There are 4 protein chains.
Amino acid sequence: MGNVLPKPLRGIVPPMITPLAGPDTLDLAGLERLVEHILSGGVDGLFILGTTGEAPALSYRLRRELVAHTCRLVNGRVPVLVGITDCSQSGSVEVACAAANAGAGALVLAPPYYFGASQAELTGYFERLIAQLPLPVFLYNQPGNTRHVIGTEMVRRLADLPAVLGVKDSSLDMIYFHKLVRLFNDRPEFTLLVGPEELMVEAVLLGGNGGMCGGANIYPNLYVDAYRAAAAGDLELANRLHRRIIDISATVYRVAQDESGYLRGLKCAVSLKGICGDFMAEPIQSFGEADRAEVRRLMIAVDLLEA
Amino acid sequence: MGNVLPKPLRGIVPPMITPLAGPDTLDLAGLERLVEHILSGGVDGLFILGTTGEAPALSYRLRRELVAHTCRLVNGRVPVLVGITDCSQSGSVEVACAAANAGAGALVLAPPYYFGASQAELTGYFERLIAQLPLPVFLYNQPGNTRHVIGTEMVRRLADLPAVLGVKDSSLDMIYFHKLVRLFNDRPEFTLLVGPEELMVEAVLLGGNGGMCGGANIYPNLYVDAYRAAAAGDLELANRLHRRIIDISATVYRVAQDESGYLRGLKCAVSLKGICGDFMAEPIQSFGEADRAEVRRLMIAVDLLEA
Amino acid sequence: MGNVLPKPLRGIVPPMITPLAGPDTLDLAGLERLVEHILSGGVDGLFILGTTGEAPALSYRLRRELVAHTCRLVNGRVPVLVGITDCSQSGSVEVACAAANAGAGALVLAPPYYFGASQAELTGYFERLIAQLPLPVFLYNQPGNTRHVIGTEMVRRLADLPAVLGVKDSSLDMIYFHKLVRLFNDRPEFTLLVGPEELMVEAVLLGGNGGMCGGANIYPNLYVDAYRAAAAGDLELANRLHRRIIDISATVYRVAQDESGYLRGLKCAVSLKGICGDFMAEPIQSFGEADRAEVRRLMIAVDLLEA
Amino acid sequence: MGNVLPKPLRGIVPPMITPLAGPDTLDLAGLERLVEHILSGGVDGLFILGTTGEAPALSYRLRRELVAHTCRLVNGRVPVLVGITDCSQSGSVEVACAAANAGAGALVLAPPYYFGASQAELTGYFERLIAQLPLPVFLYNQPGNTRHVIGTEMVRRLADLPAVLGVKDSSLDMIYFHKLVRLFNDRPEFTLLVGPEELMVEAVLLGGNGGMCGGANIYPNLYVDAYRAAAAGDLELANRLHRRIIDISATVYRVAQDESGYLRGLKCAVSLKGICGDFMAEPIQSFGEADRAEVRRLMIAVDLLEA
């Protein structure tokens, strides 16, 4: 079921936020509501412990708990993908084993993010690590946070490993994405997903398989519908829904106009819909009342919330 | 005619390479062939003295000559846009006056590229400079070479000036471009063109007006056809042509895998088609024989040249 | 004793490499030899679990073991400083508690290194975290690896906390360091140490308190002597020793000319002196035989090893 | 006289600000007062048309005028060095010829600053350009504004050209500077000057030949005295004067806390001493009254101006 992954994996695989009841404490009731909310939108998978899930800020204990509870709640309805990006190889392996034990479908792996490394060093590291992993892997290109690009040549080499199923590209660089589409033109089973939701429609219109759209935590239908319109070639509908996606990006995610503004706005919006609280892991802080009121106002304006 | 600009300016406006006979010497015969070659492809304008035209490396005398000869050769068949980006305000004004005298249609202006400056400082500079210019202006967002972003807020302010007709965005950042489309949703006469040719199809599919595609120096029909397919919503054809555009980008422009590889590959390809030589302005050097042979091989492979 | 820190902490506090017997396994015999080797050079403290110690790549279990064993081996002869930099606050606290239990003298804290954050967000985070820590703290400015600068204004604010004893600056930016010296001109008990060994002599000549010199793992006397010459104002001797420090930097650390070249060269050099092996934590790999022979040759040339 | 350059060139060679009466107009009376003011401080040369001189923002006509008038006013009392950095090779040659005609002593050359280029491309460019120049040359490492580092290997190669007399390093990277000192240990006639005044004292204490200190436009004696103290090994005096240099940097240059704050503060300070006005070339704007009053207050505080 959920751990038999379609090849390629198509559609919307939301990067789930992590519901927290307090520092280092999962919000279990919120998690259950959130999983049901997202799945009710018709998504094609669920990605936990990514950047949107604040994974690097969470303890391993909490990460293991989140993996176990999420897989239990999803219960095979869709594949669960688990982020194992870590600066410590043993940390990556620990989370990967928890994922396998819980019945997750695949792992998502970005480069370790403290030390500089050449493409050759990273390729070797990935080869050695992937050989130890109990589940197949998606490569995660995330230079904004990790400072490392997974270059197209490195993707080409790693894609020869049977365990490597695809790439999630969060580089914001659509030329890179188009070059991946070209590279895997004759391997239609290799999955190419795009990270930022603002780029999902064009990625799908031009040959990508789908997207990991953070906004699907708030409003999963919007992204699923936009994906389906794009995949079906309904350009007019795809455009109309794409514009709503950009509306959210230009408003809700920009209440705080800094690097954490996206995460704070997103988690606040989910909490305003009554799904779970917006407690955040350090070092990021939830919005205060004024910013929260502004998010509410903007959500009503873009029609994500009733007035 | 050529200097009555459509609003918005739609379609393909190639950034023309500058045919050189030697250091600081225009290749007039090559220029004539190049102009005819590009115009024969059905383009909607011609942009000279941009990054692809090596403008910052050319003397003012040569820039003035290029403006005069190009406008004469084009003779009103399409609007000529002239880049006036410069670190010296008097240099920008000098080229702008040459453009007005020659009958060009508009100017293209990126921030000065030596000193750091805040968005407020740049906004003020643009306001003071634009007030002195004899022709309307497109803002040119080119952070890769100028180190300055023209932020969406700065665009919004400058777009209030009647002389500002639109934006050419070469930032590679499609989220930025989508936010511009959103910002000017109710001003359809404001032109939004995208810089890198690899992003033209998606820009047009999602509300942009066209692109400044360097590859149109080699093969103008390809880009014009791709634009028309995208603008007409013919997704299948747009995809097929988009893939050829990416093929060129992934091969011809990557013979030298460094920052000047695009320019050297492009000019070499034009010369292999017998249009003009590939002499380049310092500090960039034309390809040697081995790289030239490789470009020839790749052009045949992607079907831009007969074997 | 070792956990009564002098204020300011003056002199050479080497950032110790972490001797490893294999993946996730401490080399205890090597650790003992290394601690004795470094302490024999007359150093003024020992800093473990920094960048040079590959801390972000080590499991918490191994970090706790290293803290316990090192404090036991040092046995109060000099203060032990323990790096607690982490993307997860609970991880920082866990290592800090191990340090307090083992009798360490202080903690060293750089910003978390995955998410972007404003100076205000980082200041708040540091304030909340420091309030939970069982030992005093040195701030660690390390923008090269963490992507965050601890700006002078942020230092000024945090220095008001009684637990904050000083700054280790690894920014490579001596203007920043001079501004810190100016800022704490009237607080001589506040410690200012510089990170890269190549900048230690000038930092001390112009008002700094000392340095955390990685090369002191190989040759502690050199750095201690250079510090003492600089602190005593013996400019001729300081210059002579500074030039040997630069010799090492320009040769041993540049056998691999990439970002990990310093760490690989340093650990290889220590192993060539027979102190401990050069097994490295993933993703970095030890040198192969050819590079190892080159390090040997260079060490003989700069007189760090007998022929 | 002034055009027989000592080898090495030792001491303080101020990068002169450019006195302007208005847009594209030299302030000749101000220039004369400024030259006399600077020379009265005992400087060892005068560097015009650098970053501090706003060269990239000035027209060639104004640059030629400045060269001619400055050389006439200096009249051989010290060598005049002329910046010829330009994106256009013909522009560099034009200013170089003006410098030779006016009797300047040497040229100062940083990489062209629009296009990306590899170290090999830049080395070739410098070799071809230097062969055309009528005067000897100092290489100018200025990555902050040009985006290109002149790597130590490139310096080593270019230093084999007889026309290359030395390096001015404005990289802010003292490790790089120390490696240059090491590289030219056996060529004492090769000049190594440091750019930012905040790093001059340490550069001279550790083997450099002097500095190009912008603050010497305001207060030449301070920098000359600091240089002489450092060169003579008077560490106590060097420290005292270094602290005043840092005081100026941390106050006068930080009234505007952005990238142009140094230039605006410096030019304002010179005008407050009654030497010349602070009209600036676009895109930078002089301070308004509030900031000007703050500069005045700070200058009194650091004792550069009478109350």
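Reader: What makes strand β4 (residues 46–48) of chain A and β5(A) a pair?

Author: Strands pair if DSSP finds at least two bridges between them. β4(A) and β5(A) have 3 bridges, in the parallel sense, so they count as a pair. Across that pairing, F47(A) stands opposite L81(A). One caution: this is a predicted model, where local features need pLDDT of at least 70, side-chain atom pairs count only at pLDDT 80 or more, and totals for chains, interfaces and linings use all residues. Residues count from 1 along each chain as its sequence is written, chains are lettered from A and ligands numbered from 1 in the order written, and side-chain values use heavy atoms, without hydrogens and water.

Reader: Why is the crossover from β4(A) to β5(A) called right-handed?

Author: The chain goes from β4(A) through helix α2 (residues 60–74) of chain A to β5(A). The crossover is right-handed because, with the strands pointing away from the viewer, the path from the first strand over the helix to the second runs clockwise. β5(A), helix α3 (residues 89–102) of chain A and β6(A) also make a right-handed β-α-β unit.

Reader: Which way do the residues of β5(A) point, and are they buried or exposed?

Author: V80(A) and V82(A) point one way, L81(A) and G83(A) the other, and all are buried (under 20% relative accessible area, 1.4 Å probe, protein chains only).

Reader: What makes β1 (11–12) and β4 (46–48) of chain D edge strands?

Author: In chain D, an open sheet of 8 strands runs β1-β10-β9-β8-β7-β6-β5-β4, with parallel pairing. β1(D) and β4(D) each pair on one side only.

How values were computed
Buried < 20%, exposed > 50% of the residue type's maximum accessible area, 1.4 Å probe, protein only. Helix = DSSP H or I, 4+ residues; strand = E, 2+ residues; numbered from the N terminus.
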